[in-house]
Amino acid sequence: MKRTHRSSNIQVFDIHDNPIHCDCKIAWLRDWIQKKGDSVVKLPQHTRCETPEEYQNMPLAEIPNDQLICVAKASTSYATIFVLLFSLAIWLVLS
């Protein structure tokens, strides 16, 4: 079965004021925000990182790709669960 992505179906995407953990797992979202910008993402400059501390309050779209790194952890965090659920939601909307 051939899948086509219809991102034009999304009219407004608002995740600002959410506690985003900015690491390698969120790079795809940063790329998407940079690509779509104001056309879809509501308040892209207000979509900011909560953690790690060095990126706190920094707009996700402004963090360089080589700075979005992952540190291995033994347990699953709420941020990881959020990213997985968010990824699934985007996939469902785009498929």
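User: What makes Y78, I81 and L85 a nonpolar surface patch?

Analyst: In this predicted model, Y78, I81 and L85 together make a nonpolar surface patch of about 380 Å². Members of a patch must have over 30% relative accessible area. I81, which lies in helix α2, has a relative accessible area of 39%, so I81 passes that cut-off.

User: Why is I81 called partly exposed?

Analyst: The term covers values between the limit for buried, under 20%, and the limit for exposed, over 50%. The 39% of I81 falls between these limits, and I81 is therefore partly exposed.

User: How do you know whether F82 and F86 are buried or partly exposed?

Analyst: The relative accessible area of F82 is 29%, so F82 is partly exposed. F86 has 9% relative accessibility, which is under 20%, and therefore counts as buried.

User: How many aromatic pairs are there, and why is the pair of F82 and F86 called stacked?

Analyst: The count is two aromatic pairs. The ring centres of F82 and F86 are 5.8 Å apart, and centres within 6.5 Å make a pair. Their planes stand at 20°; because planes under 30 degrees apart count as stacked, this pair is stacked. The two residues are four residues apart in helix α2, which means a separation of about one helical turn. W28, F82 and F86 form one aromatic cluster.

User: Which residues of helix α1 are buried, and what do they pack against?

Analyst: In α1 (residues 27-36), A27, L29, R30, W32 and I33 are buried. The buried residues of α1 pack against α2 (78-94).

Terms used: Residues are numbered from 1 along each chain as its sequence is written. This is a predicted model: local features need pLDDT of at least 70, side-chain atom pairs count only at pLDDT 80 or more; totals for chains, interfaces and linings use all residues. Side-chain values use heavy atoms; hydrogens and water are left out. Buried means under 20% relative accessible area, exposed over 50%, partly exposed in between (1.4 Å probe, protein chains only). Contact means heavy atoms within 4.5 Å. Rings of Phe, Tyr and Trp (its six-membered ring) pair if their centres lie within 6.5 Å; planes under 30 degrees apart count as stacked, over 60 as edge-to-face and the rest as tilted. Patches are made of residues with over 30% relative accessible area and no salt bridge: like charges are joined within 9 Å, nonpolar side chains (Val, Leu, Ile, Met, Phe, Trp, Tyr) within 5 Å. Accessible areas come from the Shrake-Rupley method with a 1.4 Å probe; for residues, only the protein chains shown count as cover. A salt bridge is a side-chain nitrogen of Lys or Arg within 4 Å of a carboxyl oxygen of Asp or Glu.
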